[in-house]
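Here's a quick tour of one protein model, kept simple. Have a look at the picture first, then read on.

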Amino acid sequence: MTTTTAAAVSDLDLARALTLAERSVVQRLGGALKEEGATLEEWRVLSFLGDGVGRPMTEIAEFALLTAPTLTKVVDRMVSLNLVLRRVDDADRRRVLAFVSERGSEALTRWTAAVEREQEHIVTALGAEETALLRTLLQRAARRLG
């Protein structure tokens, strides 16, 4: 009978290793954004809308890695804070587009600066070369497994 130790299982558990790393990065970025009164989800939404082009909710959800109901709640909150505006799509009246507001653009500048500062700390902790390699490997894995 073969006995599997926790260490052996841990060595085989790629998903667990990825989750631990992801949680750490998300926690750090989330903490930096919390100091600015924002969440990671809100920053992702604004960063996607930051080019001034209106986007349908489905595209925003995909970019922000959120389910449609969760995105709706996030955008509702952002609309109430005057960070995001909703408008009916002129090309397809059945579709609603979201746009960054002037206040949202100002918030995006602050929030992005906070994210960039925290990412610098992360890169310092990991090392620039390892960070670049990790990003490349994760992007490759996402393309191949996606």
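The lining of the largest pocket is made of 15 nonpolar, five polar and four charged residues. Here Ala, Val, Leu, Ile, Met, Phe, Trp, Tyr, Cys and Pro count as nonpolar, Asp, Glu, Lys and Arg as charged, and the others, Gly among them, as polar. This is a predicted model, where local features need pLDDT of at least 70 and side-chain atom pairs 80 or more, while totals for chains, interfaces and linings use all residues. Residues are numbered from 1 along each chain, and side-chain values use heavy atoms, without hydrogens or water.

**The pocket**
- The largest pocket has a volume of about 940 Å³, meaning the space filled by probe spheres set on grid points joined across faces, edges and corners.
- Of its 24 lining residues, Ala21, Glu22, Val25, Leu134 and Leu138 are the closest to the centre.
- A pocket is an open set of points on a 1 Å grid over the protein atoms alone, where a 1.4 Å probe fits, with protein on both sides within 12 Å along at least five of seven lines; lining residues have an atom within 4 Å of a point.
- Helix 2 (14-34) gives the most to this lining, with 10 residues.
- Helices (H or I, at least four residues) and strands (E, at least two) are DSSP runs, numbered from the N terminus.

- Three strands form an open sheet in the order 1-3-2, with antiparallel pairing; strands pair if DSSP finds at least two bridges between them.
- Strand 1 (55-56) and strand 2 (84-88) are the edge strands.
- Five bridges join strand 2 to strand 3 (residues 96-100), and Arg86 stands opposite Ala98.

**Salt bridges**
- The whole structure has nine salt bridges, each a side-chain nitrogen of Lys or Arg within 4 Å of a carboxyl oxygen of Asp or Glu.
- Glu118 and Arg28 form one of them (2.9 Å, N to O), linking helix 6 and helix 2 across 90 residues.
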